[in-house]
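Please load the model and follow along.

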Amino acid sequence: MLKQTITELLTRAIVAAQQAGKLPTVTLPEIVIERPQKPEHGDYASSISLKLARASGIKPLTIASDVVSFIAPSPEIDSVTVAPPGFINFTLKNDWLTRQVDLILENGDTYGNIDMGQGKRIQIEFVSINPTGPLHVGHGRGAVLGSTLCNVMNASGYSVVKEYYFNDAGSQMDAFRNSLYARYQQALGRDVEMPTEGYLGAYMVDLAAEIIEEEGERFLKLPEAEGIDQLGQLGLTKILNGTRKDLNKLRVDFDVWYSEKTLYENGQFDKVMRLLRQDGYIAEKEGATWFVSTALGEDKDNVVIRSNGSPTYFAADIAYHYNKFIERKFDRVINIWGADHMGHVSRMKAVVEALGIEPERLQIIVHQMVTLRRGGEIVKISKRSGDLVTLRELIDEVGIDACRFFFLSRAADSQMDFDMELAKRQSADNPVYYVQYAHARIASILRLAQEKGADSHDGDVSLLTTEPELTLIRKMLLLPEIVETIAQTLEPHHLTYYAQDLATAFHAFYKNCRVITDDKSMTGARLKLVKAAKLVLGRTLNLMGMKAPERM
């Protein structure tokens with residue numbers, strides 16, 4: 001990629017300047033290549049001179065001028081200039097830029113892929129909500145973040161396993177089973193109250209009614225504990241099936257659905273508790289069993305087994321991560337959690353360290369809440385209350401592509417407003433419509449070209465010399481960099497901004513440059529550019545899990 005090429009040019013130039021006595025021999029700091037905010041400052045820039053100035057005591061502008069004098073000619077670079085307070089700016093050659101159109105077309109659907117991961121195995125776990133009710137819009141945000149990140153990490157050369165971990169054990173499931181049993185009895189005419197910590201949503205009434213229609217009263221004929229257990233298992237299966245259906249509707253799928261219960265059944269829980277105890281990280285106090293987090297710098301220890309003998313959520317997670325790292329041997333694990341799990345992050349890092357695993361191999365993304373608005377009013381999304389807007393309802397109202405784009409449009413650590421009215425609007429102020437319309441417009445140009453017998457086969461890309469044409473090419477060349485940035489930062493929201501910038505560049509080109517004209521040579525060149533733009537925009541939409549429409 002261009003950033004690597006420029007980094008190598010700068011490195012060799014700095015070494016040459018040091019050997020020539022122009023610069024003192026100091027340790028070379030990391031060279032960071034950035035995009036200037038103003039186009040007139042070039043295509044790329046580096047502030048390495050400012051870093052070298054701190055180490056050498058020489059003025060940054062002097063260093064920059066000396067370094068530039070040693071930069072070797074390059075087929076990609078047209079000019080290298082210096083700007084205060086010491087930036088080194090690089091401008092690309094126009095003829096090199098235009099040749100990239102052919103290269104993009106040659107790469108096809110692999111354009112944008114990089115080999116950063118070199119096949120390393122990554123597990124990305126996301127959504128993973130307790131199977132106690134339907135998915136709401138907050139879960140949709142985690143689902144879209146996770147699935148998009150999986151797409152990008154695959155494009156970055158990693159071997160990715162997408163995993164959903166479902167809690168089919170513990171107190172939350174007890175509350176679910178008891179709630180469902182109460183609704184089941186009520187539907188059959190029994191006067192019973194809902195549990196204090198029960199799930200009160202209308203979906204529980206519907207679930208009980210569905211089971212009665214299929215199974216009748218048979219669960220009441222069993223001993224109560226057995227009836228609650230069997231009814232709860234059936235309810236769990238139905239909730240999970242609904243979850244799969246909703247996620248598939250959002251174009252989210254998983255390679256593995258991992259059951260919490262199996263951690264106890266297959267012995268991982270007992271094994272990891274024994275290992276931690278042997279290493280001195282488990283202590284008995286106050287009638288409970290504790291993980292000694294304070295031994296690893298945490299502010300407090302954490303309960304792993306309650307005084308009643310039941311494991312905590314944290315304890316199950318310890319066993320689960322032992323399974324991820326030690327048994328399944330993933331090189332990296334990325335967890336995407338909701339905001340209510342923020343307090344769980346540091347202790348999870350601590351326990352990974354206690355297991356002898358480098359903590360940096362575990363990366364945790366915590367996404368913030370979603371505020372859903374309809375007609376200027378905030379819509380509640382609580383799962384325990386009766387006022388529930390499900391993810392399925394949101395998809396049905398605004399569409400899959402709008403859901404995916406809007407959920408992806410903010411950094412995970414930022415709270416977001418989901419404007420349902422904007423998401424449904426068919427106008428340029430709706431970013432989903434704006435981006436997809438650019439793709440559909442390209443498709444219409446190519447259909448017209450086919451009707452008129454215009455061909456791009458022998459198109460000469462060197463004819464693409466106008467500013468709108470070159471600007472569009474420059475934007476297209478950024479896709480591999482966007483993929484690299486997301487793979488490094490785990491921030492897939494960059495794709496939404498890139499898609500809008502690319503669409504803007506195309507719309508400007510379309511406005512200023514007529515594609516199909518009597519000039520066959522220019523028509524052929526611009527058709528090549530249009531085909532390349534369609535490919536890059538389609539690839540970007542594909543990475544976001546969105547459709548690239550041919551017509552709108």
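Leu 490 counts as buried, at 9% relative accessibility (buried is under 20% relative accessible area, exposed over 50% and partly exposed in between, with a 1.4 Å probe and protein chains only). Its place is in the loop between helix H18 (479-489) and H19; helices (H or I, at least four residues) and strands (E, at least two) are DSSP runs, numbered from the N terminus. Although Leu 490 is not a glycine, it has a positive phi of about 60°.

Before going on, a word on the model: it is predicted, so local features need pLDDT of at least 70 and side-chain atom pairs count only at pLDDT 80 or more, while totals for chains, interfaces and linings use all residues. Residues are numbered from 1 along each chain as its sequence is written, and side-chain values use heavy atoms, leaving out hydrogens and water.

## Around Leu 149

Leu 490 is also one of the contacts of Leu 149, a residue of helix H5. Leu 149 is buried, with a relative accessible area of 0%. Leaving aside neighbours within four places in sequence, Leu 149 is in contact (heavy atoms within 4.5 Å) with Ile 124, Ile 334, Ile 336, Ile 365, Ile 486, Leu 490 and Pro 492. As for Ile 334, 185 residues separate it from Leu 149 in sequence, and the C-alpha to C-alpha distance is 9.9 Å.

## Two more backbone features

Most residues other than glycine have a negative phi, and most peptide bonds are trans. Val 127, in the loop between strand S5 (121-125) and helix H5 (137-155), has a positive phi near 70°. Val 127 is buried too, with a relative accessible area of 13%.

The peptide bond joining Pro 84 and Pro 85 is cis, with omega about 0°. You will find Pro 85 in the loop between strand S3 (77-83) and strand S4 (87-92).

## The H19 and H20 pair

How do helix H19 (residues 494-512) and helix H20 (residues 520-543) cross? Their axes, which are lines fitted to C-alpha atoms over the stretch in contact, come within 10 Å and cross at roughly 160°, on a scale from 0 to 180 degrees between N-to-C directions. H19 and H20 are therefore roughly antiparallel to each other (over 145 degrees; under 35 is roughly parallel, 65 to 115 roughly perpendicular and the rest oblique).

Residues making the contact include Leu 495, Tyr 498 and Phe 506 of H19 and Arg 526, Leu 529 and Thr 540 of H20.
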